[in-house]
Amino acid sequence: MMSAYVRCGFFSAAIDCYRKFLLSSGLRPDFYTFPPLLKACGNVLEGKRFHCSIMKLGFQSDIFVAASLVHMYARHGYIGVARQVFDGMPFRDTGSWNAMISGYCQNGNAAEALDILSAMRSQGMKMDSITVCSLLAICAQFDDSLSGTLIHLYTIKHGLEFDLFVNNALINMYAKFSKLGDAQQIFESMVVKDVVSWNSIIASYEQNNDPVTACLFFKEMQSTGLKPDLLTVVSLASSFAQVNDLQNSKSLHCFALRRGWLLEDVVLGNAVVDMYAKLGHVDYALQAFEELPAKDVISWNTLITGYAQNGLANEAIEAYHLMEECEGITPNEGTWVSILTACASAGALKEGMRIHALIIRNGLIADLFAGTCLIDMYGKCGRLDDAMSLFYDIPRNTSVPWNAIISGHGLHGHGDKALKLFEEMQQEGVEPDHITFVSLLSACSHAGLVNEGQCTFQVMQEKYRIKPGLKHYGCMVDLLARAGLIEKAYDFIQNMPVRPDASVWGALLGACRIHGNAELGTLASDHLFEVDPENVGYYVLLSNIYANAGKWDVMGEVRSFARDRGLRKTPAWSSIEVNNTFEVFYTGNQTHPKHEEICNELRILTEKMKGLGYIPDYRYVLQDVEDDEKEDILTSHSERLAIAFGIISTFPKSPLRIFKNLRVCGDCHIATKLISVITEREIIVRDSNRFHHFKDGICSCGDYW
């Protein structure tokens, strides 16, 4: 009866049955009693009680009981105790060896698992399918393709290549090695395939960014009459999100709801939340999250990440605060990574510093991913010195932290420093990757280092054999065009071996806006309207080019065309953090409680600026109105409202940190330089492209942005 309960998953009922057996039957347990009970233990304390009973009854030498004890202790993470039980066994069969090998594998002890395997084989014991499956899983986990291949050869030599469980494990292993051809070859050679086999091949392609093939295998699975299970749905949720298929995503959600699976399995619920977030439907993701009957830390991490990935950084921070209030939910490394990404995006320096303190308290400051996210956060919040200090305190033997610090310097316009860091990276023997070169090329572009950027592009290909991707090509176009070499940038695009995407044409269009090249701007926009017709930003850039050229009629046509397509311009906003509160100002906004004080401060600043030689630059007013109205429009730009609010709300001469969602206009750039002189403040502005550090009338960008 106890065994039946365990086989059906009713573990508590099995243990209750054992208690009744002791109290009412008058019978004595035997060595068949304990193996299923040890499997039913929900915690190690229950297991230790059974271990005591086993010792009292003298069953500790029984091979099946001892192997079950090894399994129990290993399952609960007490691998040292499991090894003591294993070493005390007077006789061991294959199952006993498998129990110990499996225990080490479950606890991530690959070296010890292989040592046990060597000892097992030295005693003349052969691996069976269970041994092989455990070892293949650990090879996949630690990216040990050589050992995995040798074990595969062993299965062929000893006739295990037709075993269903072995084949499923081989598919999973080769998928982890990104050897999809080998995984598919094994799958297609299988005589018998169960739902696990189909799940394995579907997950193989889904996890290796080939969702189309994953969906094709699912359709083939349906044609065989096999029904999908929970794991099938988890893989499909990710696949549908990758191909941006909202209709099938909703159908999949309904399928899971009809079967009640979302009430049973939090992993599936998390996958549905993640699916909607990746599709950009955060409202659906939030609804799915709120409907989860039980939420674990991964549920919260998924919601926070979903907000952050969709540009809703403040909502991500709010979700994290709600998570902190939940009993029984402890943040993990994934939480820190997600929330620090949101803090970096929002410029929430104080919140990021609070998270930094929590990471130190939890002993994770040396963790590579948490440390890298802290570097990224401080860099994007304008605290590059703090980012550098952290950089030298964490492990630097991979490209990940180097990429973060190089990118941070690029964002601040420190191209020379970014290149020096790259030299240091090479001297320390760290291999750069494609992200390293995106960061370097971007840094060269922001600093106007055209020759250095071209050399970097060449080194990437010739020395490191990295094939340029569209991001690299986009950076090169931006590098050339931003420096005024627009014709050369266009020629570069014409000679690209791959079809340019929106990032490439967008870089050219942005430069045409800066340099007033209407002809190439029109050509670039034609391509952009073809490859990314729903991006309103490109219509705005083109209309601005025509406005600067005084072609008001053509500008009106472009804006009308965008409106007819249902597109609306993204409103310009700037934010500033004062007294732990973010204040957001929209251009022309008059609803702030301190609006009168802000306007009065701006009037005073404008008069003082004019005394220093300021003349409003009406080229940055994109409306055909009178000059006095143009000056009012310039004065009501969002960054000026935020700066004025900061001045009246903070101590004199203290720094101001402004975050703006769009590029700083030329007139506001001049005005902010003058305000830094008048107020004797450092004003740090992060716009959509880079940082500007204004101090003593000078900007760190050198007027090149």
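What follows is a short chat about a predicted model of one protein chain.

Biologist: What is the secondary structure of the protein chain, in numbers of helices and strands?
Modeller: The model is a predicted one, and its protein chain has 39 helices and six strands.

Biologist: What does the C-alpha trace span along its principal axes?
Modeller: About 100 × 55 × 55 Å.

Biologist: And how many of the 705 residues are buried, as a percentage?
Modeller: Buried residues come to 49% of the 705.

Biologist: Contacts, then. What share is between residues 24 or more positions apart?
Modeller: Taking contacts with a separation of 6 or more, 61% are between residues 24 or more positions apart.

Biologist: Switching to charges: how many positive and negative, and how far apart are their mean positions?
Modeller: There are 62 positive and 81 negative charges, and their mean positions lie 4 Å apart.

Biologist: Back to the strands. In what order do they sit in the sheet?
Modeller: The order is E2-E1-E3-E4-E5-E6, in an open sheet with mixed pairing. The edge strands are E2, residues 581-586, and E6, residues 698-699, each of which pairs on one side only.

Biologist: How do E5 and E6 pair, parallel or antiparallel?
Modeller: Antiparallel, over two bridges, with E5 covering residues 691-695. Lys695 has Ile698 in E6 as its bridge partner.

Biologist: Which helix lies across that end, over E4, E5 and E6?
Modeller: Helix H39, residues 666-679, lies across E4 (683-686), E5 and E6. H39 runs at about 40 degrees to E5.

Biologist: Where is Lys569?
Modeller: Lys569 is in the loop between helix H35 (552-564) and strand E1 (573-578).

Biologist: Buried or exposed, and why?
Modeller: Lys569 counts as exposed because its relative accessibility is 51%, and the cut-off for exposed is over 50%.

Biologist: What does Lys569 touch, leaving out residues up to four places away in sequence?
Modeller: Val536 and Val540. Asn535 is 34 residues from Lys569 in sequence, with their C-alpha atoms 9.4 Å apart in space.

Biologist: Another loop residue: where is Tyr32?
Modeller: Tyr32 sits in the loop between helix H2 (11-25) and helix H3 (34-40).

Biologist: Is Tyr32 buried or exposed?
Modeller: Exposed, at a relative accessible area of 62%.

Biologist: And how far is Tyr32 from Asp62, in sequence and in space?
Modeller: Tyr32 and Asp62 are 30 residues apart in sequence, and C-alpha to C-alpha they are 9.8 Å apart.

Definitions and conventions: Residues numbered from 1 in each chain as written. Predicted model: local features only at pLDDT ≥ 70, side-chain atom pairs only at ≥ 80, totals over all residues. Heavy atoms only, no water. Helix = DSSP H or I, 4+ residues; strand = E, 2+ residues; numbered from the N terminus. Buried < 20%, exposed > 50% of the residue type's maximum accessible area, 1.4 Å probe, protein only. Contact = heavy atoms within 4.5 Å. Lys, Arg positive; Asp, Glu negative; His and termini not counted. Charge placed at Lys NZ, Arg CZ, Asp CG, Glu CD. Pairing = 2+ DSSP bridges. Axes fitted to C-alpha atoms, helices over the stretch in contact; angles between N-to-C directions.
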